[in-house]
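Please keep the sequence and the model in view while reading.

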Amino acid sequence: MNRRAFLTALAASPLLLTPFGTRALAGFLDDLTDVIPDEVTSVFKSGKTLISGFEDITPEQEYYIGRSVAAVILSRYPYCNHRNSQRYINVMGTTLAQASDRPETFGGYHFLVLDSDEINALSAPGGFIFVTKGLLGCCASEDAMASVLAHEIGHVQRQHGLQAIKQSRITEGATSLALAGTTALSGGKLKELTKTFDGSIHDITTTMIDSGYSRSFEEEADRDAVAIMQRLGYNPNAIIDMLNVMRTRFTAKSTGFAKTHPSPTDRINNILEIIGRYRRPAPVKPREDRFASMTKGL
């Protein structure tokens, strides 16, 4: 069986019911326990250029930056204690990531549902991806949920988070702990590392949470989402279904996606340019049953 056939079979199989996601969630949260959000967000501003651009950051360094960004996100949003949905998005997300142009990252992909009614999703460098309950509530099917995760995977594979550093400010706090020293710091010294990266982490979190990526980055992530979904046999028309629901739920006071992303209408028009005329997705019973079971009570 070739890679595409295997991934397509996985997307339609009962494997999403395995306990993989529960173990991944526990490891994900444990992995962040030695990050102190107050220190991560203290943001000293020496203003010295550390590297020429995000391209110089190694996969391992990207992972540590991503961990610190993830800690900041979790200091602002509580995680959702709904084991079925956490397990569900971890297995689905990992499967989608395997079909992306960047199937592996240094620390692997991690997915987490945030306990917030805000409609939002966030992706930190290295593969830390967060989706709020409010955004999952805009998904009426597994295909629609897959579109959300695939979009965030698109941001990760294109390193949009790291490019937020390049476009604003790459800082250093202590030259002796420059980016090149990550390997030596991997044994329980993350606290020191995050102090070095404070300014860069601030740049990324400000972009993701407050201002949002550029329109071109969002269009790239949508294009990637279509490609990833098609490789697994998911219907990219579900992106339009999800955006239409999102559009009805936004108000003048909405935050999250409403504040940091192009309007759902603009995104729908861009998606239609990629896939052509909208065709309502046909129900796939195994996916319908799995979606209903795994999101019950969310």
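Which residues do ring pairs link into a cluster? The cluster consists of Tyr 63, Tyr 64, Phe 106 and Phe 128. This is a predicted model, in which local features need pLDDT of at least 70 and side-chain atom pairs count only at pLDDT 80 or more, while totals for chains, interfaces and linings use all residues. Residues are numbered from 1 along each chain as its sequence is written, and side-chain values use heavy atoms, with hydrogens and water left out.

A search of the whole structure finds four aromatic pairs (rings of Phe, Tyr and Trp, the last by its six-membered ring, with centres within 6.5 Å; planes under 30 degrees apart count as stacked, over 60 as edge-to-face and the rest as tilted). The ring centres of Tyr 63 and Phe 106 lie 5.4 Å apart with the planes at 55°, so this pair is tilted. It links distant parts of the chain, 43 residues apart: Tyr 63 belongs to helix H4 (residues 59–76), and Phe 106 to the loop between helix H5 (83–98) and strand E1 (110–114). Helices (H or I, at least four residues) and strands (E, at least two) are DSSP runs, numbered from the N terminus. Tyr 63 is buried, with a relative accessible area of 8%, whereas Phe 106 is partly exposed at 46% (buried means under 20%, exposed over 50%, partly exposed in between, with a 1.4 Å probe and protein chains only).

The sheet comes next. Three strands form an open sheet in the order E1-E3-E2, with mixed pairing; two strands pair if DSSP finds at least two bridges between them. E1 and strand E2 (121–124) are the edges, each with a single partner strand, so one side of each has no neighbour in the sheet. E1 and strand E3 (residues 128–132) run parallel and are joined by five bridges. Leu 114 has Thr 132 in E3 as its bridge partner.

H4 lies across E1, E2 and E3, at about 20° to E3. Helix H7 (residues 142–157) also packs on the sheet, touching E1, E2 and E3, and its direction makes about 30° with that of E2. Contact means heavy atoms within 4.5 Å; axes are lines fitted to C-alpha atoms, for helices over the stretch in contact, and angles run from 0 to 180 degrees between N-to-C directions.

H7, helix H12 (237–249) and helix H15 (285–295) each supply at least two residues to the lining of the largest pocket.
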